[in-house]
Amino acid sequence: MPSVLDVLLTQGKAQESAIPSVIENLKYIEEELKGKEFFGGERIGVVDIALGWTANLLGVFEEVAGVKFVDAVTFPRLSAWAQRFSNVPVIKRNWPPRHKLVAKYQATRQEYLAAAAATA
């Protein structure tokens, strides 16, 4: 979702203007989970694998950018899916350590913000 990166790598009005696009994309994903445990039904499928980064990185991006997109109230199906997907043993064993992802994306965000400030 390029819109998530727009939120992660900007601040102020630029960041605020990117948030509605993220919410719209997440609404679409939320609807696709209606009545299903996973995108393909009761078992993990190709779409779950393709969107699996969402279960892992979206929370990291939220933390780094200081915004919250997904919670059990706003996106209950997506939130539940992320928990189920993340708890599948083979997925859980292969996630990178969260603290390393946070550090990586904090550094990336700072680089982009510094570059944007230098060209402003």
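# Briefing on a predicted helical model

Asparagine 56 is placed in helix α3, which covers residues 46-65. The model is a predicted one, in which local features need pLDDT of at least 70, side-chain atom pairs count only at pLDDT 80 or more, and totals for chains, interfaces and linings use all residues. Residues are numbered from 1 along each chain as its sequence is written, and side-chain values use heavy atoms, with hydrogens and water left out. The protein has 6 helices and 0 strands; both kinds of element are DSSP runs numbered from the N terminus, a helix being H or I with at least four residues and a strand being E with at least two.

**Overall make-up**

- Read from the N terminus, the order of elements is α-α-α-α-α-α.
- Along the principal axes, the C-alpha atoms of the protein fill a box of roughly 50 × 30 × 25 Å.
- The protein has 120 residues, of which 37% count as buried; buried means under 20% relative accessible area, exposed means over 50%, and partly exposed lies in between (1.4 Å probe, protein chains only).
- Among contacts in the protein with a separation of 6 or more, 73% are between residues 24 or more positions apart; a contact means heavy atoms within 4.5 Å.
- The side chains include 14 positive and 13 negative ones, and the centres of the two sets lie 5 Å apart. Lys and Arg count as positive and Asp and Glu as negative, while His and the chain ends are not counted; the place of a charge is NZ of Lys, CZ of Arg, CG of Asp or CD of Glu.

**Packing of the helices**

- Two packed helices are described by the angle between their axes and the distance between the axes. The axes are lines fitted to C-alpha atoms, for helices over the stretch in contact, and the angles run from 0 to 180 degrees between N-to-C directions.
- Helix α3 packs against helix α4 (residues 76-87) at an angle of about 105°, with the two axes 10 Å apart. The two helices are therefore roughly perpendicular to each other; angles of 65 to 115 degrees count as such, those under 35 as roughly parallel, those over 145 as roughly antiparallel and the rest as oblique.
- On the α3 side this contact is made by Asp48, Ile49, Leu51, Gly52, Thr54 and Ala55, and on the α4 side by Trp81, Ala82, Phe85 and Ser86.
- Helices α2 and α4 pack at an angle of about 70°, with their axes 8 Å apart. That makes α2 roughly perpendicular to α4.
- Where α2 and α4 meet, α2 contributes Leu26, Ile29, Glu30 and Glu31, and α4 contributes Pro76, Arg77 and Leu78.

**Buried residues within helices**

- Asparagine 56 is buried, its relative accessible area being 12%. Apart from neighbours within four places in sequence, asparagine 56 is in contact with Trp95, Pro96, Arg98 and Leu101.
- Leucine 58 also lies in helix α3, and leucine 58 is buried, with a relative accessible area of 4%.
- With neighbours within four places in sequence set aside, the contacts of leucine 58 are Val4, Leu26, Trp53, Phe69 and Val70. The C-alpha atoms of leucine 58 and alanine 82 are separated by 9.9 Å, the two residues being 24 residues apart along the chain.
- Alanine 18 belongs to helix α2 (residues 12-32) and is buried at 10% relative accessible area.
- Beyond neighbours within four places in sequence, alanine 18 is in contact with Ser3, Asp6 and Val7. Between alanine 18 and leucine 5, 13 residues apart along the chain, the C-alpha separation is 9.0 Å.

**Residues in loops**

- Threonine 74 is placed in the loop between α3 and α4, where it counts as partly exposed at 45% relative accessibility.
- The C-alpha atoms of threonine 74 and threonine 10 are separated by 23 Å, with the residues 64 apart along the chain.
- Valine 88 is placed in the loop between α4 and α5 (89-94). Not counting residues up to four places away in sequence, valine 88 touches Phe38 and Ile44.
- Valine 88 and isoleucine 44, which are 44 residues apart in sequence, are 9.1 Å apart from C-alpha to C-alpha.
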